[in-house]
Structures are given as structure tokens and as C-alpha cells.
Amino acid sequence: MAGALFAPVAYFILSSVPIAAVGMSAIIIGFTCLALANARPYISPEACQLILKTGMENTASLLEELGLTGKAVYLPSAMRDGHPQALIPLMDDGNIQRLRGTIPGRLIVRYGVNPDDMAIAVTTPGSINIDMLATKPGPTAEEIEAAATYILTGVLDIASSVKVTMSGAQVVVEVSAPRLPYEDIWYYRCLGSPIASIVATISSEALQKPVRIKEESYSQSKSRIILEVLS
Amino acid sequence: MRIYNKYIISLALASGLINTALAFLEQTDLGLYFTVNIITYLVITLFYVYLNPRARGALNTVGVVFFAGFVVVIALKLMEIISG
């Protein structure tokens, strides 16, 4: 608005082209700000946080009631009726290393051949976010990084940047300035923080293999997530 | 710093630098300032591919309007050159 007034004044009255150009630049930036302001989500961040917390508390209650302490395994959509989900083994020593075929779309599922190979399947923040990707990422570190950056930085705006490296059966993800860092609570111990959950789902979908969050640490406004790729 | 802040700051810095540089080169053609600023806007917007789809859609609309202005300036310049 100021630029729209300033540019003609500078050009016609002050007869200064450089000052008029500054006004013109202000108009360009003003229109850009206006466009970005109108692109804000329909639901306020507070409402989104409320919905996220409600879902997390419900899942946490279920985990606490069942006394589940095992780490969740993130499954690609191909292994779970077209919808990526996480499996939490019912037994403490539940070793989900080798999953057999497609897991049925129920809450309590059998994942192996032994009677104890039972787990609960839950939807995580990552399961929902995977649908926001226009195309599925490929199995390279660069493609996983691009997909994670798009979701975490562009769509959700909960991190500044993402760096992914792969070595053997490990995927190491470094997230700069995460705005939902790891907390030592039951839900996060089982399923990881929402950021780790999103990264694990993207990696699982990209590699078409089950993935487990092996380690998650936070230091100097940087989150380091180590994912273990299961066979 | 959030991606939107980075984007706006990079636009402001780039346009400030371009206007200063062109002023130092004693350019007095407003059309030149306009076209260089529009090209910079389009290039910087291209770099921010990770913006969310709604923001990208809105910026594309703004970009189309600016590009139309850019085409008009170029057309006027061409007519000026052809007519001598």
C-alpha cells in the first residue's frame, strides 16, 4: 500500500527513478506477503495442536493400559492394506525382524508364525502425512531427504531443514530447528516424536521395507534420528 | 527462521541490491528496474519449491500477474525499437 503511494510520488513529483523503483519493489513484496497470508491453513495452529494432543493422549492411554514398552515398527502401505501404519509388539521381547506378508487391517494383528507374535497396529502422524506427497519417494537418501524436507519444512513448517544419510541398514536423519522435539514420555518412547514418526513413515514407504526408530536425540536445536531398516 | 521469513527476506534483500546496483550504474529507465525485479522474483520463487501447495498456488497467481506486466513492458520496448 505504501509502495503504491510512494512509487508515483517518487516518479512524477520527485522525478527520481531509483526511488520509484524502491516503491515498485515494495509493491511486489507487498503482493507476495498478501498471497502468503491468504495461503494460511483454514484451521488455526492451536486447533491443530489440540487435535494432535487428543489423538496422542488416546494412543498413550492404550499403550500404558496394555503396558507396551516395545519400539514401534513402521510399515509401508504395501504391507498394510494401502495405508502405512506402525506395529507395536504386545510382548516386551517381541522381535519383529521378519514380517510375513501383508498385515490385516485390524487393531490387534498377528505378524509372525509364533502364537506370541502379536502386535497392535496404530495410525501415526506420519501415516496421514504420506498422502500429502504428490509422488512416492524412491529408495535413495536424496529422494527421502527431498520428501522429508517438503513435508516437514514446506507443508507442516515444523523444522528448518532436513539431512538424510544412509549406511547399510541404517538411515540417519538430522532435523534442524525442530519445533516438536523429543520428550521422554510413554508415547514418544514407543512411537517416537511426531517428526521421527513422519521421517520413519517416509523412509519405510521409500524403501518399501519396515523401519524402526532406533535412537532419537536432541542437542543444540538439532534432532538426530537413527532409523533401522528391517528385512 | 521459518521458510516464509527466509523467502520474504531473500526477496527484500535481492530487490534492495538490484535497485542499488542499477542506481549506481545511473540507469533512469523504470522499465529496466521493473523487468529485473520481476525476473529476480520469479527466480527466487522457483528456488522455494518446498513451500506448501496452497502457498505455491497463491504465489503462482501473483507470478502470472507480474509476468503479464513484464510482457507488456517488453512489448512496449519492442514497439519503441521497431517504430524508431
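Predicted model: local features only at pLDDT ≥ 70, side-chain atom pairs only at ≥ 80, totals over all residues.
View 1. Look for Gln208(A) in the loop that links α7 (194–207) and β7 (211–219) of chain A. The backbone is worth a glance too: Gln208(A) isn't a glycine, yet its phi is positive, at about 60°. For context, most residues other than glycine have a negative phi.

**View 2. Glu26(B), a loop residue with a positive phi.** Over in chain B, Glu26(B) belongs to the loop between α1 (3–24) and α2 (30–47). Its phi is positive, about 60°, and again the residue is not a glycine. Is Glu26(B) buried or exposed? Glu26(B) counts as exposed, because it has 8 C-beta neighbours inside 10 Å.

View 3. What angle do α1(B) and α2(B) make where they pack? The angle is about 150°, and the axes are 10 Å apart. That makes the pair roughly antiparallel, because the cut-off for that label is an angle over 145 degrees. The crossing of α1(B) and α2(B) is right-handed. On the α1(B) side, the contact is made by Ser10(B), Leu11(B), Ala14(B), Ser15(B), Ile18(B), Asn19(B) and Leu22(B). Facing them from α2(B) are Leu32(B), Tyr33(B), Val36(B), Asn37(B), Thr40(B), Tyr41(B) and Ile44(B). Sorted by class, the residues of this contact are nine nonpolar, five polar and no charged.

**View 4. Where chain A meets chain B.** How many residues does each chain put into the contact? Chain A gives 24 residues and chain B gives 26. On the chain A side, the elements that supply two or more residues are α2 (17–38) and α5 (141–155). Of these, α2(A) has the largest share, with 15 residues. The chain A side that touches chain B has 16 nonpolar, seven polar and one charged residues.

**View 5. α2(A) against α1(B), a helix pair across the two chains.** The axes of α2(A) and α1(B) come within 10 Å and cross at roughly 165°, so the two helices are roughly antiparallel to each other. Their crossing is right-handed. From α2(A), the residues that meet α1(B) are Pro18(A), Ala21(A), Val22(A), Ser25(A), Ile28(A), Ile29(A), Thr32(A), Cys33(A) and Leu36(A). Their partners in α1(B) are Tyr4(B), Ile8(B), Leu11(B), Ala12(B), Ser15(B), Asn19(B) and Ala23(B). By class, this contact has 12 nonpolar, four polar and no charged residues.

**View 6. Ile225(A), a buried strand residue.** Back in chain A, Ile225(A) is part of strand β8 (residues 222–229). Ile225(A) is buried, because 29 other C-beta atoms lie within 10 Å and the cut-off for buried is 20 or more. Leaving out residues up to four places away in sequence, Ile225(A) touches Val173(A), Val175(A), Ala196(A), Val199(A), Ile213(A) and Glu216(A). Val211(A) is 14 residues away from Ile225(A) in sequence, and their C-alpha atoms are 12 Å apart in space.

Terms used. Residues numbered from 1 in each chain as written. Chains lettered and ligands numbered in written order. Contact = placed C-beta atoms within 7 Å. Helix = DSSP H or I, 4+ residues; strand = E, 2+ residues; numbered from the N terminus. Nonpolar A, V, L, I, M, F, W, Y, C, P; charged D, E, K, R; others polar. Buried ≥ 20, exposed ≤ 12 C-beta atoms within 10 Å, placed from the backbone. Axes fitted to C-alpha atoms, helices over the stretch in contact; angles between N-to-C directions. Parallel < 35°, antiparallel > 145°, perpendicular 65-115°, else oblique. Left-handed = near helix turned anticlockwise from the far one by under 90°.
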